[in-house]
Amino acid sequence: LVWVTGVPAYVEGNSFQLPAGVVEVENGCSGLNYLVVALALAMFQGLSYLRSWRLRLRLLVVAALVGLITNWLRVYLLILIGYTSGMQHYLIRVDHLYFGWVLFLVCMWPVFTYAARLEQREQKPGSATPLTASDAGGR
């Protein structure tokens, strides 16, 4: 995205060298946290409300893709903010952690909407029976 949008940056490994400074993606900010949380939320949603393993797997794949894309978008936006502000923006100088989690929540909203649609589809007549309390107790 940096190259496509014309942001002058030299990329080497996890470092983006901009005219005003360097943005480095630390190991703790690699996106693994977002991926794990996206998968955990999708698995919880799937096990709680979906009976079909095929639909659960589909939900997991969508959540994983959204988690990864969200992280790439987060890194790109921070690079863009650093470039346009001369590395002086609050998100660059002080804290970008909450920015990442808010962006994650916004981007995960469609995943939860998708999960609700999968649940509705599964409960339509002719499909698998809906999950009951006795089914949940047997797990």
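This is a predicted model: local features need pLDDT of at least 70, side-chain atom pairs count only at pLDDT 80 or more; totals for chains, interfaces and linings use all residues.
Visitor: What does the protein chain come to in secondary structure?

Guide: Five helices and three strands. Starting at the N terminus, the order is β-β-β-α-α-α-α-α.

Visitor: Why is α1 called roughly parallel to α4?

Guide: Take the angle. The axes of helix α1 (residues 32–49) and helix α4 (residues 97–123) cross at roughly 25°. Angles under 35 degrees count as roughly parallel, so α1 is roughly parallel to α4. Those two axes come within 10 Å, and the crossing is right-handed.

Visitor: How do you know that α1 and α4 meet, and which residues are involved?

Guide: Contact means heavy atoms within 4.5 Å. On the α1 side the residues in contact include Y34, V37 and L41, while those on the α4 side include W101, F104 and F112. Sorted by class, this contact has 11 nonpolar, three polar and two charged residues.

Visitor: And what makes α2 and α4 roughly antiparallel?

Guide: Again, look at the angle. The α2 and α4 axes cross at roughly 160°. An angle over 145 counts as roughly antiparallel, and therefore α2 and α4 get that label. Their axes come within 9 Å, and α2 also passes α4 in a right-handed crossing.

Visitor: Which residues of α2 and α4 meet?

Guide: Among them are L55, L59, V62 and V66 from α2, and F99, L103, C107 and V111 from α4. By class there are 17 nonpolar, two polar and four charged residues in this contact.

Visitor: Let's move to a single residue. Where is M87?

Guide: M87 is in the loop between α2 (53–84) and α3 (90–93).

Visitor: Why does M87 count as buried?

Guide: Its relative accessibility is 13%. Buried means under 20%, so M87 counts as buried.

Visitor: What is the phi of M87?

Guide: Phi is near 65° there, which is a positive value in a residue other than glycine.

Visitor: What about contacts between residues at least 6 apart in sequence?

Guide: Among those contacts in the protein chain, 66% join residues at least 24 apart.

Key. Residues are numbered from 1 along each chain as its sequence is written. Side-chain values use heavy atoms; hydrogens and water are left out. Helices (H or I, at least four residues) and strands (E, at least two) are DSSP runs, numbered from the N terminus. Buried means under 20% relative accessible area, exposed over 50%, partly exposed in between (1.4 Å probe, protein chains only). Axes are lines fitted to C-alpha atoms, for helices over the stretch in contact, and angles run from 0 to 180 degrees between N-to-C directions. Angles under 35 degrees count as roughly parallel, over 145 as roughly antiparallel, 65 to 115 as roughly perpendicular and the rest as oblique. A crossing is left-handed if the near helix is turned anticlockwise from the far one by less than a right angle, and right-handed if clockwise. Ala, Val, Leu, Ile, Met, Phe, Trp, Tyr, Cys and Pro count as nonpolar, Asp, Glu, Lys and Arg as charged, and the others, Gly among them, as polar.
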